[in-house]
Amino acid sequence: MISRAERVANYVILSAFAAFALFPVVTILGAALGPDDAGPAGQAWGPHLGNFAAAWEAGHFGTYLRSSLAVSSFVVVVSVVLSIMSGYAFGTMRFRGHTVLFYLFMLGIMMPSEAIAVPLYFDLRTLGLIDTFWSVALPQVALSVAFGTFWMRAYFRASSRAIVEAARIDGASTWRTLWQVLVPPARPAIVTLTVLVFMWTWNEFLIPLIMVTSESLRTAPLGLAFFQGQYTSGFTLLAAGSVIVATPVVVFYLFLQRHFVRGLLQGAVRE
Amino acid sequence: MGRPPGEPGRVAYLYLLPAFVVYAVFLLYPIGRAVQISLYDWDGLTLGRWAGLDNYTAILSDERLRAGFGHALVLIVFYAVIPLAIGLTLAAILNHAKVRGLGFFRTVVFLPQVVAMVVVAVAWRRVYAPDGTLNALLGALGLDGLTRGWLGDHTFALPAVGVVGTWFESGLVTVLLLAGMSRVPMELYEAARLDGAGAVREFFAVTLPSVRGEIAVALTLTVIAALRTFDLVYVTTRGGPGDSTSVPSFEVYHRAFGLGQVGSAAAIGVTLTVVIFAISFAINRLADKGTT
């Protein structure tokens, strides 16, 4: 059995680490809810929720959240649908070039986005596509499709072969087999993929930084980085802005934690 | 190909096509272009000049670039090695002792993974600021002699950035290892105890070998994250002071869009890609070898 001293030591270690993990979070939340350090002295104690409204105004976060929402929705819907289709092909069908094509897709999982963003910028500039919605969204679809294909293939491979066979013998087309037979029970795997792609796209910084110059297309993290550069009088509004940018994904995380953990852990485990 | 009659074959290409087109245009083609551009001396505007492998040899000879890759190695210690040590300790405790509040603890330590790195960077800038929370904490402990502007200090800026990585990755590693350890059959521990093994021997004889696969995954993820550090450096230090926190990813951006050395930027990007592939391949080979 575990001795009392060992138990105390365990709690001390765990508490110390939890404190380390929460330290920056508390710093930000404390500043965001505290009195405005750029405002007049002698403000009342208690949570200052007005900071969020002030930051929203000063930092144009309404615009940034809207473009983040547009980019994320597009990337999530398109890459999840494309991944379901390609994962279906890799997971249930045999065809020439199967292995080579699959490895080609796998390259994208580890590919650092900085390696592709630079040549993309110059090619898209030649085509006049820089600073458009597409220049932000499509490269991220490509990066997400690599992981999504891998993820959905693993799911479809593990799903019952007998069901696919039965559907075919019943005369169902491959299209109907996919959407009416295989996809409904695949919902948990698809939800996991959806929350991961949403999180990656919402939090992505480099691609919007390179592709976007006009303010109306700035995504939330990019807007926050600009706000930090311009707004230097105090920290309160910057902290409030940070909370605004982080909240959507954190809320998803609190409700769908299982999916985030499973996706980030299993997604990394190759067979 | 020995395909059962009627099993869909060629139709597979139709299902692959949409994903492949986006993937090829926005990922495969650009990486090819990166290789091509890296062989030129190009400012992004005028006509490029053939440079052969000069941009690659510069990575070894250019002091700032060599420093950048050196800094990435230091970050690997902070992003991968320290979190692995922390993760093994925490996961062993959590797996062994019936700890109250396990769910809450897991939620808290995993939280950094879902917060945008820009937000993380803004928070840590505040922690490290001359009038920030770290100095306030040191002051409260009577350690005023240690206070400084952490990110503006030539010696401490890189470790300060590294600690953010430790903070960011430790929770992920812990949860990953905990999942592996919870799959170790109880009988193995009982057998070790019967053989008279103490907690430490048990850890090295039973726990550690059983989570070899998880350790490989954890190292792959965290080493790649260390090599790809960009957002954090961009927001906290922009490579400074001097070049004390310049890292390869930041140099790619800085050279392409700040200095107009697109060829060199592409060469760094390609090198970084190759290094990432080589390291993750090596880690997984080592892990596989250990199991057979």
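**Before you start**

Residues count from 1 along each chain as its sequence is written, while chains are lettered from A and ligands numbered from 1 in the order in which they are written. Because the model is predicted, local features need pLDDT of at least 70 and side-chain atom pairs count only at pLDDT 80 or more, whereas totals for chains, interfaces and linings use all residues.

**Stop 1: chain B as a whole**

Select chain B. Chain B holds 13 helices and two strands. Helices (H or I, at least four residues) and strands (E, at least two) are DSSP runs, numbered from the N terminus. The C-alpha trace of chain B spans about 80 × 75 × 30 Å along its principal axes. Of the 292 residues in chain B, 46% are buried. Buried means that 20 or more other C-beta atoms lie within 10 Å of a residue's own; exposed means 12 or fewer, and partly exposed is in between, with C-beta atoms placed from the backbone.

Now consider contacts. Two residues are in contact if their C-beta atoms, placed from the backbone, lie within 7 Å. Among chain B contacts between residues at least 6 apart in sequence, 71% join residues at least 24 apart.

**Stop 2: where the chains meet**

Show both chains. Here 74 residues of chain B are in contact with 70 residues of chain A. Colour helix 1 (residues 11–37) of chain B: this helix gives 16 residues, the largest share of the side of chain B that touches chain A. By class, that side of chain B has 55 nonpolar, twelve polar and seven charged residues. Ala, Val, Leu, Ile, Met, Phe, Trp, Tyr, Cys and Pro count as nonpolar, Asp, Glu, Lys and Arg as charged, and the others, Gly among them, as polar.

**Stop 3: a pair of helices across the chains**

Select helix 13 (residues 257–266) of chain A and helix 7 (residues 157–181) of chain B. They pack at an angle of about 80°, with axes 11 Å apart. The axes are lines fitted to C-alpha atoms, for helices over the stretch in contact, and angles run from 0 to 180 degrees between N-to-C directions. Helix 13 of chain A and helix 7 of chain B are therefore roughly perpendicular, a label for angles of 65 to 115 degrees. Show side chains next. Helix 13 of chain A brings A:V261, A:L264 and A:L265 to the contact, and helix 7 of chain B brings B:L172, B:V175, B:L176 and B:A179. By class, this contact has seven nonpolar, no polar and no charged residues.

**Stop 4**

Which residues touch the most other members of the largest nonpolar core? They are B:Y23, B:V118 and B:V119, in a core of 171 residues. A nonpolar core is a set of buried Ala, Val, Leu, Ile, Met, Phe, Trp, Tyr and Cys residues joined through C-beta atoms within 7 Å. Centre on B:Y23. Beyond its neighbours within four places in sequence, B:Y23 is in contact with A:F105, A:G108, A:A142, A:V145, A:A146 and B:L28.

Move to A:L143, in helix 6 of chain A. A:L143 is buried, with 26 C-beta neighbours inside 10 Å. Leaving aside neighbours within four places in sequence, A:L143 is in contact with A:G108, A:S113 and B:L27.

**Stop 5**

Most residues other than glycine have a negative phi, and most peptide bonds are trans.

- A:H60 has a positive phi of about 55°. A:H60 sits in the loop between helix 2 (50–58) and helix 3 (61–92) of chain A. It counts as partly exposed, with 17 C-beta neighbours inside 10 Å.
- A:D131 has a positive phi of about 60°. A:D131 is in the loop between helix 5 (113–126) and helix 6 (133–158) of chain A. It is partly exposed, with 15 other C-beta atoms within 10 Å.
- B:G240 and B:P241 are joined by a cis peptide bond, with omega about -5°. B:P241 lies in the loop between helix 11 (231–236) and helix 12 (248–259) of chain B.

**Stop 6: the annotated spans**

UniProt positions use the numbering here, feature names are shortened, and annotations may be inferred rather than shown by experiment. In an unreviewed entry, UniProt lists "transmembrane region" spans of chain A, including 100–121 and 189–211. Select 189–211 of chain A: 91% helix, 0% strand, end C-alpha atoms 31 Å apart.

Methods. Angles under 35 degrees count as roughly parallel, over 145 as roughly antiparallel, 65 to 115 as roughly perpendicular and the rest as oblique.
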